[in-house]
Amino acid sequence: MILDLRRLTHFVAVVEAGSFTAASATVHVSQQALSQSVQQLEKDLAATLFVRSGRRITLTAAGTQLLTEGQLLLAAAGTVANRVTRTAHGADEQFVVGHTPALSGAEVYTRAEPAIAAFPHLSVTFRQLYPDQLRAEVLSGTVHLGLRRGVVPSSELSTAVVGYDRVRLAVPAQHRLSDAPTADIHDLAGERIALWSPPGASYYSDFLMGACRRAGFEPDFVVSRVQGAATVAAPLTTGALAFVTTQAGPVMNGRVRVIELEPELLVGVQAMWQRHTQSAVREAILSAAPA
């Protein structure tokens with residue numbers, strides 16, 4: 001049995017609109033035709049998708065399953081159609097890499113460089129997005145590969161770990177730790193830590209707060225008021241310490257110093273992409289990742 005994408009589109013439209021009447025306007029078919037299309041889909045799948053009570057509709061367990069998988073399938077179908085159309089018209093391939101603020105543009109370039117070298121006619125765009133935005137853009141297909149700090153299981157997206165980076169500490173130049181070659185994480189008790197997103201809104205923030213708690217203290221944190229800047233800039237605007245992945249040494253014209261953190265703390269970089277799709281560019285990036 002082959003799933004009819006047009007009928008699947010009608011089903012998703014009904015769920016999103018909340019009624020057949022409202023959905024008929026969004027898909028530009030009559031309410032009767034829309035109802036018949038969904039009924040045929042139910043016959044095709046041998047499954048009841050809605051419980052109908054007057055004008056109210058409620059998803060069955062099968063309907064909920066189809067909604068989850070169907071939205072992903074339709075998004076992938078849109079991506080495939082777009083790529084085929086661009087190929088038919090001889091347009092250069094475009095590849096968009098999205099990344100959270102926890103990864104710098106330089107770090108993202110390093111990850112993407114194998115594909116940039118392998119495909120000389122490829123147009124590549126880097127976009128910085130907050131975690132929720134990144135997830136939504138990858139799901140919709142407008143971002144072809146997402147990169148984020150922290151490793152999080154996902155049932156909606158395909159994922160892979162593409163490497164681990166060592167976490168270090170960025171401190172203001174006048175801070176007591178600035179002349180030390182290393183800092184023990186236990187010595188950070190009582191210090192204020194700068195974050196880009198509050199815990200609960202960022203897996204990376206949760207990871208860093210968890211590292212502090214495992215060291216035996218509850219971290220005091222402040223969210224940086226300057227968003228989109230390099231993470232090593234946070235000490236300048238907050239006066240706080242910041243966990244970074246930048247190499248040790250002076251940065252920000254010597255106003256901030258990055259020092260090693262002990263014991264060693266490694267944070268993963270996770271790649272995310274749209275399920276049910278293939279991409280030679282994406283495979284070039286993933287295959288170059290350390291095993």
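The model is a predicted one, in which local features need pLDDT of at least 70 and side-chain atom pairs count only at pLDDT 80 or more, while totals for chains, interfaces and linings use all residues. Residues are numbered from 1 along each chain as its sequence is written, and side-chain values use heavy atoms, with hydrogens and water left out.

The protein contains nine helices and 14 strands; helices (H or I, at least four residues) and strands (E, at least two) are DSSP runs, numbered from the N terminus. Along the principal axes, the C-alpha atoms fill a box of roughly 75 × 50 × 30 Å. The radius of gyration of the protein is 24 Å, whereas a compact globule of 291 residues would have one near 19 Å. This radius is taken over C-alpha atoms, and the globule rule is 2.2 Å times the number of residues to the power 0.38.

Of the 291 residues, 43% are buried. Here buried means under 20% relative accessible area, exposed means over 50%, and partly exposed lies in between (1.4 Å probe, protein chains only). The protein exposes about 14,800 Å², of which carbon and sulfur atoms supply 53%; accessible areas come from the Shrake-Rupley method with a 1.4 Å probe, and for residues only the protein chains shown count as cover. Among contacts (heavy atoms within 4.5 Å) between residues at least 6 apart in sequence, 71% join residues at least 24 apart.

Next come the salt bridges, of which the structure holds 16. A salt bridge is a side-chain nitrogen of Lys or Arg within 4 Å of a carboxyl oxygen of Asp or Glu. One of them joins the side chains of Asp 165 and Arg 111, at 3.3 Å from N to O. Asp 165 belongs to strand E6 (residues 157–166) and Arg 111 to helix H5 (residues 105–118), so this pair ties together parts that are 54 residues apart in sequence. Asp 165 counts as buried at 19% relative accessibility, and Arg 111 is buried too, with a relative accessible area of 18%.

Another salt bridge links Glu 264 with Arg 166, their closest N and O atoms being 3.6 Å apart. Glu 264 sits in the loop between strand E13 (256–262) and strand E14 (266–274), while Arg 166 is in strand E6, so the pair connects parts 98 residues apart in sequence. Arg 166 counts as partly exposed, at 21% relative accessibility.

Glu 191 and Arg 176 also form a salt bridge, with the closest N and O atoms 3.0 Å apart. Glu 191 lies in the loop between strand E8 (182–184) and strand E9 (192–195), and Arg 176 in the loop between strand E7 (168–172) and E8, so the parts tied together are 15 residues apart in sequence. Glu 191 is buried at 15%, whereas Arg 176 is exposed at 55%. Salt bridges that share partners join Arg 166, Arg 168, Glu 260, Glu 262 and Glu 264 into one network.

His 10, in helix H1 (residues 5–17), is buried with a relative accessible area of 4%. Not counting residues up to four places away in sequence, His 10 touches Val 27, Val 29, Leu 34, Ser 37 and Val 38. Ala 233 is found in the loop between strand E10 (220–223) and helix H8 (234–238), and counts as buried at 12% relative accessibility. The C-alpha atoms of Ala 233 and Val 256 are separated by 7.6 Å, and these residues are 23 apart along the chain.
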